[in-house]
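Hello,

Here is the structure I promised to hand over. Please open it and read my notes alongside.

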Amino acid sequence: MNHNTRQITVTALVLMLFGVLGSLLVGIIYEATAEQVAENERQAMLVSLNQLLPADRYDNDLIASRIMLPADERLGQKEPSPAYVARKNGEVTAIVFSVIATNGYSGPIKLLVCINADGTVNGVRVVQHKETPGLGDPIEAARSPWIFGFNGKSLEDPGVKGWQVKRDGGVFDQFTGATITPRAVVKAVHQCLLYFDRNRKNLLGIVETDEAEQP
């Protein structure tokens, strides 16, 4: 083995060693922080859920009561999606759905939609979007009260024709210079209500395993 070949071999071994050590270090850091990351995500989700559902409306652990729903176009989901079941004294009081408005102006708009057991909307929040700042972002609760206009609404109120923006003959305001964004959110919330209505019996029949086993 000549000098150049030996040098190349040593360099390759050193690089491989650094690669192995780097991978081990990343793995160690991941293991050390994974639990904290998961807890941070849990707390962030609880904050979002409690914006939609006051603590006095349930007495169960919302995160632990998460269920996975099959993919359904009425939820805008191509994959199974989570829903959070709120209960009080063992009875379902509301369900928070993860919904995607697929036809936003700049892409999908991710929502949380809370529907009470009686079929009324308890609240809606936007959790992620890429809509144009200053035009489409009034869908955010921090920027405009527009999103609160869904509170108390149902399939019957305002009815099929009412579940549109005013420009299309409905009851919901559009934004100046931006109709596509609110139109997408209104449609997504309406579709979620339809999903709830058509699956109401199964959704409201959900009970904890230990409750179901009690006599």
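To start: does Ser 65 count as buried or exposed? Ser 65 counts as buried, because its relative accessibility is 6%. Buried means under 20% relative accessible area, exposed means over 50%, and partly exposed is in between (1.4 Å probe, protein chains only). Ser 65 sits in the loop between α1 and β1 (66-69). Its side chain makes a polar contact of 3.4 Å with the side chain of Arg 87. A polar contact is a pair of N or O atoms within 3.5 Å; within protein, one must be able to donate a hydrogen and the other to accept it, and residues adjacent in sequence count only if both atoms are side-chain atoms.

Some background. This is a predicted model: local features need pLDDT of at least 70, side-chain atom pairs count only at pLDDT 80 or more, and totals for chains, interfaces and linings use all residues. Residues are numbered from 1 along each chain as its sequence is written, and side-chain values use heavy atoms, with hydrogens and water left out. Helices (H or I, at least four residues) and strands (E, at least two) are DSSP runs, numbered from the N terminus.

Now the inside. The largest nonpolar core has 37 residues, and Phe 97, Phe 150 and Val 185 touch the most other members. Such a core is a set of buried Ala, Val, Leu, Ile, Met, Phe, Trp, Tyr and Cys residues joined through side-chain atoms within 4.5 Å. The elements giving two or more residues to this core are β2 (81-88), β3 (91-101), β4 (109-116), β5 (121-128) and α2 (180-198). α2 gives the most, with 10 residues. Another core, of 11 residues, lies apart from it; among them are Ala 86 and Cys 114.

Next, the surface. Leu 13, Met 16, Leu 17, Val 20, Leu 21 and Leu 24 make a nonpolar patch of about 580 Å². Patch residues have over 30% relative accessible area and no salt bridge; like charges are joined within 9 Å, nonpolar side chains (Val, Leu, Ile, Met, Phe, Trp, Tyr) within 5 Å. A salt bridge is a side-chain nitrogen of Lys or Arg within 4 Å of a carboxyl oxygen of Asp or Glu. Areas come from the Shrake-Rupley method with a 1.4 Å probe; for residues, only the protein chains shown count as cover. Leu 21 is in helix α1 (residues 3-52). Leu 21 counts as partly exposed, at 45% relative accessibility.

Last, the backbone. Asn 89 is not a glycine, yet has a positive phi of about 55 degrees. Asn 89 lies in the loop between β2 and β3. Asn 89 is exposed, at 69% relative accessible area. A cis peptide bond joins Asp 157 and Pro 158, with omega about 25 degrees.

Best wishes
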